[in-house]
Amino acid sequence: RKQRGSRTRFGNIVGAMLRVWWPALFALATICLMVFIDVSPPEALFPPQLDLTGAQARRIFSSPWFLGVTIPAVAGLLWVRSFARSNDLKAEETRSMVWWMVNLFWFHLGCDVFSGLIQVQPVLTELY
């Protein structure tokens, strides 16, 4: 019985964390796609090939366009976490702050503007 209670408690903690931080996890998933989906043969994006050499990852993680949106996003998420804890915010309020922070820096600037509009975001521009 004790073991089941601890599993339930763990499940509740993970579930609560996912309900608040899902936008950040979704952004992380798109970054993983950027790192691993090989875009070198642009005419053959389907079925997707994987780049496991690390060359594409180096190109991404050394890009000022990528760093210009991810560093502020991570700093903002750390601030949201600290602010939410120190002010005892409800999960819904924290989730809203996480969503706005990730949406502003990653999905709007990083994906839509830098990849779609001005097409300077490495790899994601080719995936668009």
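A: Let's start with M34, which, leaving out residues up to four places away in sequence, touches Q56, I60, F66, W106, Q121, P122, V123, L124 and L127; contact here means heavy atoms within 4.5 Å. This is a predicted model, where local features need pLDDT of at least 70 and side-chain atom pairs count only at pLDDT 80 or more, while totals for chains, interfaces and linings use all residues. Residues are numbered from 1 along each chain as its sequence is written, and side-chain values use heavy atoms, with hydrogens and water left out.

M34, V102 and W106 have the most contacts inside the largest nonpolar core, a set of 25 residues. Such a core is made of buried Ala, Val, Leu, Ile, Met, Phe, Trp, Tyr and Cys residues joined through side-chain atoms within 4.5 Å. The elements giving two or more residues to this core are α1 (2–36), α2 (55–61), α3 (64–86) and α4, and α4 gives the most, with nine. Helices here are DSSP runs of H or I, at least four residues, numbered from the N terminus.

Now for α4 itself. T94 lies in this helix and counts as buried because its relative accessibility is 8% (buried is under 20% relative accessible area, exposed over 50%, partly exposed in between, with a 1.4 Å probe and protein chains only). Neighbours within four places aside, T94 is in contact with V20, V80, A84 and L89.

W99 is also found in α4, which covers residues 91–117. At 34% relative accessibility, W99 counts as partly exposed. Not counting residues up to four places away, W99 touches W22 and P23. W22 sits 77 residues from W99 along the chain, yet their C-alpha atoms are separated by 8.3 Å.
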